[in-house]
Amino acid sequence: MQVSKFSDYALRLLLHLAQADGAKRTTREIAAQQRISFNHLAKVSQWLAAEAYITTSRGRGGGMVLAMDPAEISLGALLRKSEEGSALLECMRPDGGNCPLTAACGLSPILAEAQEAFFRHLDKVSLQDAIERRRGVGALIEGLESEHRLRQ
């Protein structure tokens with residue numbers, strides 16, 4: 001299974017904010033540091049704010065911060081929401097797709113079970129778990145921030 005770029009960027013943005021220890025970060029800063037399109041990341045940050053994962057403020061001194069503790073952010077719940085409407089197979093799309101084999105094919109229920117197992121596993125994993133498994137991510141993000149400041 002492959003998650004969408006949208007979900008990838010959402011996870012990366014949350015990791016970045018988790019490492020900021022409550023300091024505000026802007027979408028523009030994170031986009032530049034992580035080499036992501038600002039427009040794409042802006043859509044992701046708006047969605048994360050609407051879903052109450054982050055809080056945002058505008059104007060001078062504005063930015064984004066996590067709205068909850070990283071231990072409370074379930075990766076499974078996040079990905080279920082961000083991947084809603086996407087399908088592993090065409091026949092698994094909400095509109096049923098256009099595959100002529102759908103009526104007799106046994107692939108979609110098998111893959112639906114596998115997808116559900118994927119999400120069930122991630123339901124048990126938090127953003128904090130991801131941070132703790134790779135403790136070096138904080139140093140990497142600090143390096144990206146320092147490199148970004150030098151380029152400005």
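Predicted model: local features only at pLDDT ≥ 70, side-chain atom pairs only at ≥ 80, totals over all residues.
1. **The overall layout.** Start with the parts list: the protein chain has seven helices and two strands. Reading from the N terminus, the order is α-α-α-β-β-α-α-α-α. The chain counts 152 residues, and buried ones make up 35% of them. If you take contacts between residues at least 6 apart in sequence, 68% of these join residues at least 24 apart.

2. **How to talk about helix pairs.** Two numbers come up again below: a packed pair of helices is described by the angle between the axes and the distance between them.

3. **H1 against H3.** Look at helix H1 (residues 5-19) and helix H3 (residues 38-50): their axes come within 9 Å and cross at roughly 70°. That angle makes H1 roughly perpendicular to H3. On the H1 side, the residues involved are Phe-6, Tyr-9, Ala-10, Leu-13 and Leu-14, and they meet a set in H3 that includes Leu-41, Val-44, Trp-47 and Leu-48. Sorted by class, this contact has nine nonpolar, two polar and one charged residues.

4. **His-16, also in H1.** Is His-16 buried or exposed? His-16 sits in helix H1, and its relative accessibility is 0%, so it counts as buried. Its side chain has a polar partner too: the side chain of Gln-34, at 3.0 Å.

5. **One face of H4.** Now find helix H4 (residues 75-82), whose buried residues are Leu-75, Gly-76, Leu-78, Leu-79 and Ser-82. Why do they line one face of the helix? Look down the axis of H4 and you'll see that these buried residues fall within an arc of 160°, so one face holds them. Among the elements covering the buried residues of H4 are H1, H3, helix H5 (107-123) and helix H6 (127-133).

6. **The start of H4.** Zoom in on Ser-74: one of its side-chain oxygens reaches to within 3.3 Å of the backbone nitrogen of Gly-76, at the start of H4.

7. **H4 against H5.** The axes of H4 and H5 come within 6 Å and cross at roughly 135°, and the two helices are therefore oblique to each other. H4 brings Leu-75, Gly-76, Ala-77, Leu-79 and Arg-80 to the contact, while H5 brings Glu-116, Phe-119, Arg-120, Leu-122 and Asp-123. By class, the residues of this contact split into five nonpolar, one polar and four charged.

Definitions and conventions. Residues numbered from 1 in each chain as written. Heavy atoms only, no water. Axes fitted to C-alpha atoms, helices over the stretch in contact; angles between N-to-C directions. Helix = DSSP H or I, 4+ residues; strand = E, 2+ residues; numbered from the N terminus. Parallel < 35°, antiparallel > 145°, perpendicular 65-115°, else oblique. Contact = heavy atoms within 4.5 Å. Nonpolar A, V, L, I, M, F, W, Y, C, P; charged D, E, K, R; others polar. Buried < 20%, exposed > 50% of the residue type's maximum accessible area, 1.4 Å probe, protein only. Arc of directions from axis to C-beta. Polar contact = N/O pair within 3.5 Å; in protein donor to acceptor, adjacent residues only side chain to side chain.
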